[in-house]
Amino acid sequence: PEILFFVTLRNGAPRAAGVETAAHGVIELLGGVNSFAGHTGYKALSLEAAVAADPDITKMISGSAATAASSGALCSPYGLRSC
C-alpha cells in the first residue's frame, strides 16, 4: 500500500516524510511505498498535496514521538482515510 506519513510540529504546520527519514524506513519495513518518496527529508505538506498523493494509508504524529505515543495521537489527517 502507498503510505503518507507526516508530523505536525508545535506550530501545527504539517511536514511529510520523504526518503532519508526514519518514517520512510518504517514504511519500507512494513512493505509499503512512501507517497512522498520523490522528496528528501521532511517537506511542508499542504492539504492539496496530501489529496494529490492519494495514499492508501495516512498516518500522522503530533509533537514528539513520546508525546504522541502516550497520548494516542496517531490518527487520520484531513479525514482522507481511516487509520
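Predicted model: local features only at pLDDT ≥ 70, side-chain atom pairs only at ≥ 80, totals over all residues.
1. Residues are numbered from 1 along each chain as its sequence is written, and side-chain values use heavy atoms, with hydrogens and water left out.

2. Back to that pocket. A pocket here is an open set of points on a 1 Å grid over the protein atoms alone, where a 1.4 Å probe fits, with protein on both sides within 12 Å along at least five of seven lines; lining residues have an atom within 4 Å of a point. Of its 10 lining residues, Phe 5, Val 26, Ile 27, Leu 30 and Lys 59 lie nearest the centre. β1, α1 (22–29) and β5 each supply at least two residues of the lining; helices (H or I, at least four residues) and strands (E, at least two) are DSSP runs, numbered from the N terminus.

3. Now for strand β1 (residues 2–8): 6 of its 7 residues are buried, so the rest of the structure largely encloses it. Buried means under 20% relative accessible area, exposed over 50%, and partly exposed in between (1.4 Å probe, protein chains only).

4. Who pairs with β1? Strands pair if DSSP finds at least two bridges between them. With β5 (residues 57–62), β1 runs parallel over 6 bridges, and Thr 8 sits opposite Ser 62. Strand β3 (residues 33–34) is also parallel to β1, through 2 bridges, with Glu 2 partnering Val 33. Strand β2 (residues 14–17) is antiparallel to β1, with 3 bridges; there Thr 8 has Pro 14 as its partner.

5. Do have a look at Asn 34, in β3. Asn 34 is buried, at 5% relative accessible area. Its side chain makes a polar contact of 2.9 Å with that of His 24 (N or O atoms within 3.5 Å; within protein, one must be able to donate a hydrogen and the other to accept it, and residues adjacent in sequence count only if both atoms are side-chain atoms). The Asn 34 side chain also reaches the backbone nitrogen of Phe 36 at 2.8 Å.
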